[in-house]
Amino acid sequence: MMAPLFSSKLLLVLLFGTLFGLVLGVLPGLGPTTGGALILPFTMTLDPLSAIILLTSIYCAGTYGGAITAVLINTPGTPAAAATCLDGYPLAQKGEAGRALGMATVSSTVGGIFSVIVLVFFAPILANLAYEFGQPEYFALAIFGLTMLASIGDGSPIKNLIAGAFGILISTVGKDFMTSIDRFTYGINELSVGIGFIPVVVGLFAISEMLTQSTLLDQVFKRVALKAVKLPTKDDYKKTWKTILRSSGIGSFIGVLPAEGGTVASLIGYSEAKRFSKNPEEFGKGSVEGIAGAEAANNAATGGAMVPTLALGIPGSATTAVILTGLIIHGVRPGPDLFKEQPEFLYGIFGAMLVANILFFIFGFFGAKIFARITLVPNKILWPMIFAVSVCGTYSLSQSIIDVWIMLFFGVLGFFMRRYGFSVVPVIIGLILGELVEGTLRQSIVIFDGNWLMFLTRPIALTFFILSLIALAFPLIRSKKINKII
Amino acid sequence: MNNVRDKKRANKSLPFFFRTEFKVFFTIILVSTILLISTFSFDTVPPILNRGIQPATFPKGLLVLIIVLTSIIYYLSFKRPWKKEKNLPKPFFLTIISFVLFIIISKTLDFFLAISVLSVFVSYYWGERRIFYLLLVSIIFPLVVFIFFEMILGLRFPPGIITNLYYY
């Protein structure tokens with residue numbers, strides 16, 4: 001598994017990815033998704049394996065990096081670290097920031113490694129199952145992915161569905177792939193090739209975040225002093241080993257489901273840690289079990305989310321949507337064929353994720369104090385720089401100024417979407433899955449000779465449709481209050 | 001009791017078209033309807049070549065779905081209390097203005113000049129007053145980015161009054 005990594009170039013990429021991921025994770029508002037989107041255009045200069053290793057190491061390290069900010073300034077560096085604030089910051093306020101970060105580092109590493117093991121075992125099994133899939137099954141699967149995102153993802157299910165449908169709609173811009181007829185191009189030549197992934201991804205994540213930051217300039221962060229990160233004591237291990245293992249399992253499972261991976265996983269991991277704890281009253285006041293529950297789960301979701309991404313081409317989280325974009329722009333089609341034809345490529349990714357988890361443990365343990373200083377970089381300097389990189393990165397892909405304008409348009413749109421409670425993640429996932437959804441639907445209709453009811457005669461497709469209905473109905477049944485639905 | 005009174009007062013104080021939900025509903029429905037109408041002008045495949053559905057059918061279906069779902073959200077929003085929207089702060093509008101400036105300058109004068117102007121504009125209006133940092137974000141950093149993209153990645157930027165100094 002590690003053999004493909006024994007090259008100085010790949011190790012260097014891995015090292016850089018882990019360090020960069022930590023920096024991104026520490027900076028509130030950036031995180032592995034936005035950071036991955038920013039670095040995506042630069043990966044074009046790398047070979048596919050190096051590019052994906054860079055993105056996955058950013059994913060693993062960035063997810064952990066969010067804990068440093070959560071513990072020290074009570075602001076999650078990434079949304080997945082929100083639950084870590086609940087106990088990490090109170091423990092840091094008691095003068096035990098080192099202990100809190102030590103627990104976060106150990107549980108993140110265990111969760112991350114656990115999830116890589118899950119990935120190594122389950123991704124090939126899922127890919128083998130996918131051999132049974134024809135066009136109707138892939139269509140049903142893509143629909144299931146989108147409905148799961150609507151029901152489990154952040155925000156209201158209906159708004160998520162609208163955002164997902166909008167993402168698919170964006171994918172229809174340009175020449176129709178079956179008939180070459182122009183759609184939504186309005187005579188603009190540049191639009192006939194469609195709207196690229198990168199301008200949309202960078203706009204929705206980076207530029208919209210820049211606009212969000214412009215509304216938060218009054219925010220003042222109070223940083224708790226950190227002397228050194230301390231490894232958990234024997235007592236801490238006794239208290240938390242079950243929680244870490246449970247959360248690792250929960251995180252990996254949630255990660256496999258096409259949803260917002262780490263964020264949901266950490267919240268469930270945290271609440272389950274509280275439910276099983278002998279001292280639930282300590283939660284919210286600096287419980288190490290709370291930190292372990294949240295951190296093991298969010299890092300375990302990283303490997304879990306890679307399972308459907310690599311085996312089926314359905315992203316398991318926002319960041320894996322960016323990784324999937326990376327795979328597509330490098331000409332790598334995830335799915336069962338990838339497992340059969342390029343196993344060394346996949347083992348390279350698995351190995352890289354394993355090493356990234358070990359690397360961020362080392363960097364986090366010895367360098368958390370330095371990374372914490374990065375939070376002191378003021379937004380008024382940081383974001384203009386991010387803008388310059390975003391613009392040049394987006395331009396670099398097809399050397400088109402139109403792409404830059406599309407990026408700005410989606411940045412403004414993304415800001416208003418977030419303001420009015422629409423998550424931007426379904427747009428990206430819809431955009432990525434759009435071609436698959438439309439292509440498989442139209443090819444299925446050709447296979448079925450126009451008889452839509454034939455979908456119901458395919459057992460696997462029917463199962464996915466039923467699961468999609470359950471996924472859609474679940475939040476409606478669960479939420480008693482109407483404001484949870486809308 | 002007070003809550004009920006507040007809700008009633010809030011309901012009376014704002015006409016429906018000022019409500020956030022209505023503005024969102026109206027915008028989505030308007031844009032979707034325009035796009036839906038435009039799908040009727042898409043070319044069609046002659047029946048003899050047509051396999052499956054016409055190219056316009058899928059986007060039409062999506063737009064109808066968006067309109068239906070948006071209407072459901074709007075209908076459900078009637079059951080929620082009205083909430084006044086928080087006003088956007090001045091730096092937000094200045095950032096948007098800087099985007100417009102960026103587009104104008106990059107189109108008419110120079111791509112890198114546009115980046116520099118936006119950077120200094122945003123940095124200044126977000127509160128930075130130290131000359132060194134303003135120079136850092138507006139000149140030094142864009143220069144580093146230019147060198148990186150041009151020399152390391154081999155990218156050619158669009159011509160402009162400053163970029164031409166390097167190219168010619």
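**Briefing: a predicted two-chain model**

With 14 C-beta neighbours inside 10 Å, A:Gln342 counts as partly exposed (a residue is buried if 20 or more other C-beta atoms lie within 10 Å of its own, exposed if 12 or fewer, and partly exposed in between, with C-beta atoms placed from the backbone). This is a predicted model, in which local features need pLDDT of at least 70, side-chain atom pairs count only at pLDDT 80 or more, and totals for chains, interfaces and linings use all residues. Residues are numbered from 1 along each chain as its sequence is written, while chains are lettered from A and ligands numbered from 1 in the order in which they are written.

**Chain A overall**

- The secondary structure of chain A consists of 18 helices and two strands; helices (H or I, at least four residues) and strands (E, at least two) are DSSP runs, numbered from the N terminus.
- Chain A has a radius of gyration of 22 Å, close to the 23 Å that the globule rule gives for 486 residues, so it is as compact as a globular protein of that length. The radius is taken over C-alpha atoms, and the globule rule is 2.2 Å times the number of residues to the power 0.38.
- Along the principal axes, the C-alpha atoms of chain A fill a box of roughly 70 × 55 × 45 Å.
- Of the 486 residues in chain A, 62% are buried.
- Among contacts in chain A between residues at least 6 apart in sequence, 79% join residues at least 24 apart; two residues are in contact if their C-beta atoms, placed from the backbone, lie within 7 Å.

**Chain B overall**

- Chain B has seven helices and zero strands, and its elements run α-α-α-α-α-α-α from the N terminus on.
- Buried residues account for 23% of the 168 residues in chain B.
- Of the contacts in chain B with a separation of 6 or more, 56% are between residues 24 or more positions apart.

**The contact between the chains**

- On the two sides, 46 residues of chain A are in contact with 51 residues of chain B.
- On the side of chain A that touches chain B, at least two residues each are supplied by α6 (157-171), α7 (197-214), α14 (379-398), α15 (401-419), α16 (425-447) and α18 (482-485).
- The largest share of that side, 12 residues, comes from α14(A).
- By class, the side of chain A that touches chain B has 31 nonpolar, nine polar and six charged residues. Ala, Val, Leu, Ile, Met, Phe, Trp, Tyr, Cys and Pro count as nonpolar, Asp, Glu, Lys and Arg as charged, and the others, Gly among them, as polar.

**Helix packing in chain A: α3 with α10**

- The axes of helix α3 (residues 48-73) and helix α10 (residues 288-312) of chain A come within 9 Å and cross at roughly 165°. Axes are lines fitted to C-alpha atoms, for helices over the stretch in contact, and angles run from 0 to 180 degrees between N-to-C directions.
- That angle makes α3(A) roughly antiparallel to α10(A); angles under 35 degrees count as roughly parallel, over 145 as roughly antiparallel, 65 to 115 as roughly perpendicular and the rest as oblique.
- The crossing of α3(A) and α10(A) is right-handed; a crossing is left-handed if the near helix is turned anticlockwise from the far one by less than a right angle, and right-handed if clockwise.
- From α3(A), A:Tyr59, A:Cys60, A:Thr63, A:Tyr64 and A:Ala67 meet A:Glu295, A:Asn298, A:Asn299 and A:Thr302 in α10(A).
- The residues of this contact of α3(A) with α10(A) comprise four nonpolar, four polar and one charged.

**Helix packing in chain A: α1 with α2**

- Helix α1 (residues 8-26) and helix α2 (residues 31-39) of chain A pack at an angle of about 125°, with their axes 8 Å apart.
- That angle makes α1(A) oblique to α2(A), and α1(A) passes α2(A) in a right-handed crossing.
- A:Phe20, A:Gly21, A:Leu24 and A:Gly25 of α1(A) make the contact with A:Gly31, A:Pro32 and A:Gly35 of α2(A).
- The residues of the contact of α1(A) with α2(A) divide into three nonpolar, four polar and no charged.

**Loop residues in chain A**

- A:Gln342 lies in the loop between α12 (336-341) and α13 (343-374) of chain A. The C-alpha atoms of A:Gln342 and A:Val332, 10 residues apart along the chain, are separated by 9.7 Å.
- Most residues other than glycine have a negative phi.
- A:Ser180, in the loop between β1 (174-175) and β2 (182-183) of chain A, has a positive phi near 60°. With 12 C-beta neighbours inside 10 Å, A:Ser180 counts as exposed.
- A:Phe184 is not a glycine, yet has a positive phi of about 55°. A:Phe184 lies in the loop between β2 and α7 of chain A and, with 18 C-beta neighbours inside 10 Å, counts as partly exposed.
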